Structures are given as structure tokens and as C-alpha cells.
Amino acid sequence: MNAGAVLELEGITKRFGALVANDDVTLSLQKGEVLALLGENGAGKTTLMNILFGHYAADAGEVRVEGKPLPSGKPRAAIAAGVGMVHQHFTLAGNLTVLENIVIGSESLWKLGMDREGAERKIRALSVQFGLPVDPAARIGDLSVGERQRVEILKALYRDARILILDEPTAVLARPEAEQLFTILRGMAQGGLSIIFISHKLHEVMGASDRVVVLRGGKVVAERATGQTNAAELAELMVGRAVARPKRAAHEVGAPVVVAEGLSVSSGGGMALDRVRFEVRAGEILGIVGVSGNGQAMLGRVLSGLARPDAGTITFDGRDISRITPREAVGLGIGRVPEDRHAEGVVGDLAVWENAVLERLRDFARWGFVRRRAAEAHAAGLIARFDIRGAGPATRTRLLSGGNMQKLILGRNLAAGPRFLLANQPTRGLDEGAIAAVHQELLMARAEGAAILLISEDLDEAVGLSDRLQAISKGRLSEPIAAEAVDARRLGLMMAGVWETRDAV
Amino acid sequence: MRFERREEVSVSALILAPLGAVLAALVLCAGLIAMAGVSPWTAYAEMLRGAFGSRLAVTETFTRASPLILTGLAAAVAFRARLWNIGGEGQFYMGALAAAALGHSVLIGWPLPLAWAALAAAGMAAGAVLLLVPALLRLRFGVDEVVTTLLLNFIVLLFVGLMVEGVLKDPMAFGWPQSVPVAAGLRLPDLVPRSRLHVGIVLAVVVVLVVWLVQSRTVFGAETRAAGLNPRAAAFAGVPITATLVKVALLSGGLAGLAGAIEVLGPVGYVTTTLSPGFGYAGIVVAMLAALHPLGVVAASVFVATVFVGADAMSRATGVPSFIADVIMAVALLAMLVALLFTTYRVRR
């Protein structure tokens, strides 16, 4: 036992079928400490926190809060003991107000009235004390993602949480919002709260934590005081080997393949895309950077054949493709990697082979019957060529990890050697190992002469892969600039919608 | 206690689920039978005897099963694509009306196979059109098809009443509200002499095999499954969602319509407002008990037919009201929903 620890996990083990998600995990949290739980996707971070909070029951091991064991599998007991959890995907009702969302669940079911004034006073006091400004009367549906997260944190504090767990808190935030969040968390720790945050982003862990626990394959592989380690060491501990993202090599760029001119799409009263103009040349990657929600999604939909522009043209080798269907796009040799691989990329309950050929079923059919053997052979080829792990052609696609699912989607697009590839947030939510693999594939496609449009919110990725960059802001695109010419300040301004044209390329 | 999703749903679980559900329903209903003052053993034995105890009983049970196979299949193909067709009953009646109207006089003199093909096609078309309208309303305007298909059943039943009292009324039926009969030469031949069992059941099983083949092997089947499981991903991959669902609606409505046509051409010969003892609704139970699998539909139809035919005999022998059949059906459906939950989720403590 550890003196002064507010929270201890001892020997936690959890299995899902054959998979050991947590293997004898032991860790402790001191009062007033910010502890980072670092690990790749699938390392068992979220499972561990769900056990701590009582969403899952551990197969073995014990959770103690301030020395007292917590009954397993009971979220209410965890709340009563002062543990609060902020999930990666928020659990708020969009049609209710901030106040109602915070109070829900802590009021007795049998009381007729609700002490609104008392609740509001307490929320206001908390939001002043911890620097979490939010209007209790606002409707959740009207709030930004950052504000919603504040409501989630307030919800935990309202229930008198002394231990706060945040699951990938920055996954949905832009960088300034993320920095603001960590400042708030620091202040809370100084105020006596103890905090655990889950992350796979090294710079966050280095910048915001006191101590780091690294999880790999369900086990604790290392524990470091943040001041005594560095990002390189943590990366190696997390992945288990040294990983480096591949570098872009200089080479000759060809003629324009895809050219968009004056592309406009209106949506919900505003302009999702406003007179957008870009061209992607053979053998180059054009990066579109921007804060989420500035028109990237619509640009992806239009280029995928799912939405029609109101004005403007897109040509592909001189042919107008602004009104094609997804099937026509596939037929023309346009590869498309969707923004959300679970919602749009694959049908999770179908087998890997079915997803591998879903876009070109008719190429794998004779007289309307699917040639299953040919399709399975094709899928096996993709699995081998793109190093898709943990799967055979008959595996249910849902069981693949995010990285392997993305390799499957990339593979089915790249197998045919596309002339143009749309890669929309290709590495969102992936771990370092998988990111390196995806980058490698994109760069190989570029070397083979594909024109690639990369839409990304990850600036390191966009700058590292792209030959030229354009920023998107409120549906408008900046003039392109060469990747060599950017610096962090200029890119930041461009993403805020401030750009000049002096060195457009 | 909480639920965790299973990584894989095993085939044996999918076979055990309906058996468990049926068993649970029989056990629960045994309590009700006991409350009626009859030993459940006696009652269930009478039920089995009533369904399979004699040549007549067996033929009656399979006569009852044949339309159920088709209405069950209609529900299964629609549900698989997440098109909630609750209107099998109405589609059944439309198919029946079409067959009676054309079979009475229009097709007389046609070569027999051609006439039968035309009658089947007419029944299917009538059922298909009835489902097409709700399907298009859903695809175009987002109107909930559960509501529209369900309510159309009542409208169709009133329409049938209008027809059998009016345009299609049989003048030779001493004023009874029934439609003109199908010409004797166009009736489907009996399978077993001196019984009501006719070739319809063979036809139904053939249709099941064809649908199974289409669903599991063809491009259309694969696209339907993708569209049902994840419409957004299917659309992204180029599956035309609207066209696929329209085809599914035509198939589903067509199958229920075919059931109605065969019932008229086979054992009954004319249409009344009581032609169907709830074949459309029972088809939903059949589809669920079959876990939406075409082959399962055949087994589930035989079970449902056994309960209904057996319950009548049991009721005569023991005095337990034959409504117990409806109770068994309803409980089996609920038990099946619970059982399906356990095939996809496991309980953890």
C-alpha cells in the first residue's frame, strides 16, 4: 500500500474472450497529481478506466479509493467515492440545458420538484472556482465541443468528484482549446483534485502531466516522472520499438489531374464551401489543413460522389466529375478514404472479404452471382500486401483494430493503382505504429504518380506529407503555399482565415 | 449484472435461440393452461395429436404452413434490409383479390402454366405495389413505414369488404359477402388426394430456396445486407441505397401477395374478409423465430402452423380456449427477442 495515495489499482486483469485487455495492472494516484496514462490504441487504457469507474467488472484485482476497496461493476459506488469520469464521446443530452444535464442522475427519482436555484448556485460557484465558464441556461445543442467538455467536467465536479478521469480529452479539440484545457486541469490539481488523463499524444503528456504510466499490450511497461523523461523515450516505450514517421522524398511532379474551380456548396443556410479552387498534380500530395468543421467534411463528400456542388466544376483528367456517383468514381480509378472509417469506411458486421470488394462487387461477379473464391483471394492479397494483422478474409471486419481497418480501406483503394486518391483524415485516432504505416502507403502511392488530396487536422502530418498546403476556413480555401515555406505562426494565421498571396505556388 | 457484446455470434447459438424461445413459451403457457384446470401435459399432447395425429391433421398443418412460409419470408427479407414491413396482412389480401379477379374469367382459355404464371405475377404485383408506396414515402420523406404499413392493413381489409360486397361479389353465393370464385380449371392441383394440401407448399419451399440463393450468393444479396447493416458505408461504397430498398420492398410485398394468390388458387377458391387468420402478422413471428434466415422460415412456419391447428383440436378435447395459440405465439416472439439479445451479448457479473 502506498501512503498518501488517493487511488490505487492493484492487479487488475480483464479478458474479453481470448484477448487480455488488462494484465495484472497496478498503479496509484497521489493527491494533487496529474497522471498521464499513455499507450497506443488497444493497449488497454480505456478498459482500465472503465473498470475503475465500474462500467466493467474486472476478472481479478482490486480498486481502492482512499484506502477503501470499491465494489466492482457499480458506477454509482465510484461516483459516491468521489470518482468522476469524462468520456471520450460525451454523454450529454443535446435537447436539455447545461443545468439539466449536470443535475440529471444526481436528483432523487421520487422528488417532484427540482432545486434549480440551489443547483445553479453550485454550478456557478464551481465554474468560477475552477475557471470553467459556461452558461447554465444554454442548450447543449448550441454549444461548441470545447464547451460541452467543460459541462462534462462540471458534471463530475457537481457530484463532488475528487478524482477526475479524462478519456482522450483532446481527441475532439483543436490545439488552442486543448492547451486551455490543460491549463484548467493544472489549476484543478493545485486546488487538491487528483487527475488521470488518457492519451496517445506525446506532446500533451510531456506538457501537462506530473507522472506518466505507459501501457502496452494490457501491461504497465514503465512509469516515469515526466521531468525525467523525454518524448523519444516515451514513444519507444509505448510502441515497443523505435518508430519514425517516413519522410517525403523530393521528386518530379506531373501535370494537374484534378482541378476544382469556383466550387460552392450551401448547407443549412450557410456556405459549406465557398468558391473553392485547387489543383492536384500527378505525383504530389496537396494538404488541406484547418480546424475541424470548416468545410472539410463537405469537400470530402463532394469528391466522394455523395454531395453535389451548387456551383463550380471539378475535372479529372479534363472530364467533369462534379456530379458523379460513388460507383462512377470507383470506375474512373478515383480512390476514396472516408473521414470516419466506422461509419462510412466499412460495414463492420460483414466479413473482411466482403468489405474488400464492396466498391467493385460487379468486377467480382458473373451473371449477378458473387465469385466468392476470387473475392476472398483478392482480400487475402490485400491482407498480405498491406500488412493487415489479426484478420483472414472471413474475419468479421468489426474485430479489426482501427489501424488495420484503415489499412484495409487504403488497400482496397490503392490495389487498383488509382490516378487520384482522396485521403480524408487518414490517421485520425490511430496509434504511432499505424500512422507510420499509413504515411508510408500514401508516400508510395505518390511515388507511383498518384495525385493525392490529403485533408487533415494533424498539422505535423499535413506538413510532413504534403508538397503544397492550402488552409480551409469557413468554407474558403487559401492560395496554396509550398510545404517548405510554412512556419507554425503562418499556418496558424492561415487556419484562422488570414492569408496573403505573395508566394502562392 | 451487465451486457457485453460477443466478438462472434456462433451458428449454434443462432439455432439454439429459437428452440430455447419456443421452449420458454411452452413452459410459460403451461402455467396458463394449468390455471384453466387442465394438465399441461395433456393439453400439449392433444395439441400434437391434433396437428400430426392423423392423415387429415398432417395435411391441415402443412396447408396452414404454406402461406406462412411466404409471409414469413416476406417479413424476413424486408427486416434484413431494415425495412420494417408490418403490412404483410394487407399485401396478402391484395394478392388474393388480384388472383380472384383475374382467375374468375379473364384468364380462361389460356394455357394452364401461362395462366398460373400470370396469376402469380398479378398477386405479386398487387402486394408489391402496396408496399412500394410506404417504402417510397420513407425513402423520400422519412415517413415511418412501421406506421404506414400497419395502418394500410386495416384500409386494405375495408377495401376487401367493399369489393366482396360490390364489384367482385359472387352472385351465386346466396348473398354471402364473398368474391367470385376462381375458375375450377385454374385451381392448383392437390398434393394429397382427398385433402386440402395442394402444390402451394412445394411452390413455397422452392421460393425459399431461390430467395436463399439470391440473398447469400448474388450481388443484389450482398448489397442488401450491406445496406441493412450500415447504410452510410454502403452508400459510400457505391451501393444505391434507394434503388436497393425499392427492390427489397418489391420482393417483400410480392412474396406476401403471392401467399394470398396461392391461398385463393389453392385451398379456398375465393376471397372473404376472413380469408386470412392473421397470416401476415404471424409471418412476423415466423421471421423472427427464423432469425431472418430463409431456411429457418420453413421450420418456424411448420411450428406456428402446428400450434394453430393443434390448438383447435386441443380446445375441443380439453376445453382450454384456442386463444392459447395466440398467447403461445406472442410469448414465443418475446422470448425470441430476449434470446437474440443473448446471441449477440453475454452477461457479465
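**View 1. An open sheet of four strands in chain A.** In this predicted model, 4 strands of chain A form an open sheet in the order β2-β1-β4-β5, and their pairing is antiparallel; strands here are DSSP runs (E) of at least two residues, numbered from the N terminus, as are helices (H or I) of at least four residues. Two strands count as paired if DSSP finds at least two bridges between them, and β2 (19-30) and β5 (68-69) of chain A are the edge strands, each pairing on one side only. Strands of a sheet pair through backbone hydrogen bonds, either parallel or antiparallel. Residues are numbered from 1 along each chain as its sequence is written, while chains are lettered from A and ligands numbered from 1 in the order in which they are written. Because the model is predicted, local features need pLDDT of at least 70 and side-chain atom pairs count only at pLDDT 80 or more, whereas totals for chains, interfaces and linings use all residues.

**View 2. Strand β1 of chain A and its two partners.** Strand β1 (residues 5-16) of chain A is joined to β2(A) by 8 bridges, and the two run antiparallel. Across this pairing, Leu7(A) stands opposite Leu29(A), and Lys14(A) stands opposite Asn22(A).

**View 3. Two residues of chain A with positive phi.** Most residues other than glycine have a negative phi, and most peptide bonds are trans. Glu66(A), although not a glycine, has a positive phi of about 50°, and this residue lies in the loop between β4 and β5 of chain A. Glu66(A) is partly exposed, because 13 other C-beta atoms lie within 10 Å; a residue is called buried at 20 or more such atoms within 10 Å of its own C-beta, exposed at 12 or fewer, and partly exposed in between, with C-beta atoms placed from the backbone. Trp367(A) also has a positive phi, near 50°, and is found in the loop between β17 (365-366) and β18 (369-370) of chain A. Trp367(A) counts as exposed because it has 6 C-beta neighbours inside 10 Å.

**View 4. Helix α5 of chain B and the glycine after it.** The 30 residues of helix α5 (residues 112-141) of chain B should span 44 Å at 1.5 Å a residue, and its end C-alpha atoms are 43 Å apart, which agrees; the expected span is 1.5 Å times one less than the number of residues. Just after α5(B), Gly142(B) takes a positive phi of about 75°.

**View 5. The largest nonpolar core and the surroundings of Leu119(B).** A nonpolar core is a set of buried Ala, Val, Leu, Ile, Met, Phe, Trp, Tyr and Cys residues joined through C-beta atoms within 7 Å. The largest has 197 residues, of which Ile452(A), Leu97(B), Ala99(B), Leu119(B) and Val304(B) touch the most other members. Leaving aside neighbours within four places in sequence, Leu119(B) is in contact with residues including Ala99(B), Leu186(B) and Leu265(B), contact being C-beta atoms, placed from the backbone, within 7 Å.

**View 6. The side of chain B that touches chain A.** Here 22 residues of chain B are in contact with 29 residues of chain A. The elements of chain B that give two or more residues to this side are α8 (219-229) and α9 (231-236), and α8(B) supplies the largest share, 7 residues.

Technical notes. Contact = placed C-beta atoms within 7 Å.
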